[in-house]
Amino acid sequence: MEPTKKGILERLNAGEIVIGDGGFVFALEKRGYVKAGPWTPEAAAEHPEAVRQLHREFLRAGANVMQTFTFYASDDKLENRGNKLTLTGAQINEAACDLAREVANEGDALVAGGVSQTPSYLSCKSDKEVKAIFKKQLDVFTKKNVDFLIAEYFEHVEEAVWAVEILKESGKPVAATLCIGREGDMHGNSPGDCAVKLVKAGAQIVGVNCHFDPLTCVKTVKMMKEGVEKAGLKAHYMVQPLAYHTPDCNCQGFIDLPEFPFALEPRILTRWDMHQYAREAYNAGILYIGGCCGYEPYHIRAVSEELAPERGFLPAASEKHGMWGAGLEMHTKPWVRARARRDYWQNLNPASGRPLCPSMSTPASWGVTRGHADLMQQKEATTKDQLKELFDRSKNH
């Protein structure tokens, strides 16, 4: 029999760095396997080869966790606003678990089953109704025996607490991440207060994911850590941010930027930015360090390379990448060979190549959240009249 892998808490308790994977939804949308708008993960069942390959690339880049491609895989989200599927939520979740396990077994990686926020919560459904949605996904994760569970991408700590309360029934370790910045969740709960609520609900690992850039997310997790310690509680911490610069975002993050989601490329972080992020996160006492939307395998490789001294090894993908551009020593042009040094890349300010491109944007601040009429969800497709109303209103924002 193969030796049993160390679990997530065993690794974190020992002070090991755990590196997460990246943003499957955005990566697979760019590759033609996910539809922007619904952002649902039916590709796990429809195109398993694409999902499997992306898992492998993140594993090769140094990821210790293969997170199941189950983002927005709850039944209410899968059928929201006219999204027509030929697969059930259970089928998608099961396929995602099988793919993650297959690739995790190819290396020293764990499988994390993930649930995320629901349209039902935004539409003011009861805790019983929302928890029933999470329970359906948990049943699949239990059947497939994932290694631990993640409640991720929650704008409201209340819903995240409900998710944690259900996930902890499995007896498996539970992590919980909110998609919030330093202003806290959409109901004004501070990052510290949010973290305390999550730990008291049963989460052993807490942090943030998505919506904001890496350094903003690290600062937010530091606030969470301070809150937990002030409350006399203990937890491990994780961070899985965007791969985009977001200094101009408001409390709702990058979805309010006018560039979301199809014109974010000028904001992408370089691999060298990722080195800085990895070091900042580690120095802040965060041991679970990964990525979310915008992250590609080369970003995770950069995180792995920055933390190689602490981890004691480089990822397999570094076989094709010289540290700090060392491979450029082999380039035919002397001015390119001259860039084969750390100080060049650390001090570079990349140009956008767009003469009229502004450095920052004005977010679309509609200022609505759970309970507002604008956020009541529906199974039917958005009508032309509904779109016209939105187009007209958007001119005033």
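The model is a prediction, so local features are taken up only at pLDDT of at least 70 and side-chain atom pairs only at pLDDT 80 or more, while totals for chains, interfaces and linings use all residues. Numbering starts from 1 along each chain as its sequence is written, and side-chain values rest on heavy atoms, with hydrogens and water left out.

Taken as a whole, the protein chain has 397 residues and a radius of gyration of 21 Å, which agrees with the value near 21 Å for a compact globule of that length. Here the radius is taken over C-alpha atoms, and the globule rule is 2.2 Å times the number of residues to the power 0.38. The C-alpha trace spans about 60 × 60 × 45 Å along its principal axes. Some 53% of the 397 residues count as buried, buried meaning under 20% relative accessible area with a 1.4 Å probe, protein chains only.

The secondary structure comes to 17 helices and eight strands, both being DSSP runs numbered from the N terminus: helices are H or I with at least four residues, strands are E with at least two. The eight strands make up an open, parallel sheet in the order S1-S8-S7-S6-S5-S4-S3-S2. Its edges are strand S1 (18–19) and strand S2 (65–67), each pairing on one side only; two strands pair if DSSP finds at least two bridges between them. Further in, S6 and strand S7 (residues 236–240) run parallel and are joined by five bridges, and Asn 209 has Gln 240 of S7 as its bridge partner.

UniProt, in an unreviewed entry, places the feature "domain: Hcy-binding" at residues 6–307. Such positions are given in the numbering used here, the feature names are shortened, and annotations may be inferred rather than shown by experiment. This span is 44% helix and 12% strand, and its end C-alpha atoms lie 20 Å apart.

Helix H2 (residues 24–31) has a run of buried residues: Phe 24, Val 25, Phe 26, Ala 27 and Leu 28. Helix H4 (48–60) is among the elements that cover them. After H2 comes Gly 32, with a positive phi near 95 degrees.

Then there are the cysteines. Cys 210 sits in the loop between strand S6 (205–209) and helix H11 (214–230) and is buried, at a relative accessible area of 1%. Leaving out residues up to four places away in sequence, Cys 210 touches Tyr 153, Gln 240, Pro 241, Leu 242 and Phe 254, along with Cys 179, Cys 217, Cys 292 and Cys 293. Tyr 244 is 34 residues from Cys 210 in sequence, with 9.8 Å between their C-alpha atoms.

Even so, the structure holds zero disulfides, a disulfide being a pair of cysteine sulfur atoms within 2.5 Å. For Cys 194, the nearest cysteine sulfur is that of Cys 179, 11 Å away; Cys 194 is buried, with 0% relative accessible area. For Cys 217, the nearest cysteine sulfur is that of Cys 210, at 8.3 Å. Cys 217 also counts as buried, at 0% relative accessibility.

Technical notes:
Buried < 20%, exposed > 50% of the residue type's maximum accessible area, 1.4 Å probe, protein only. Contact = heavy atoms within 4.5 Å.
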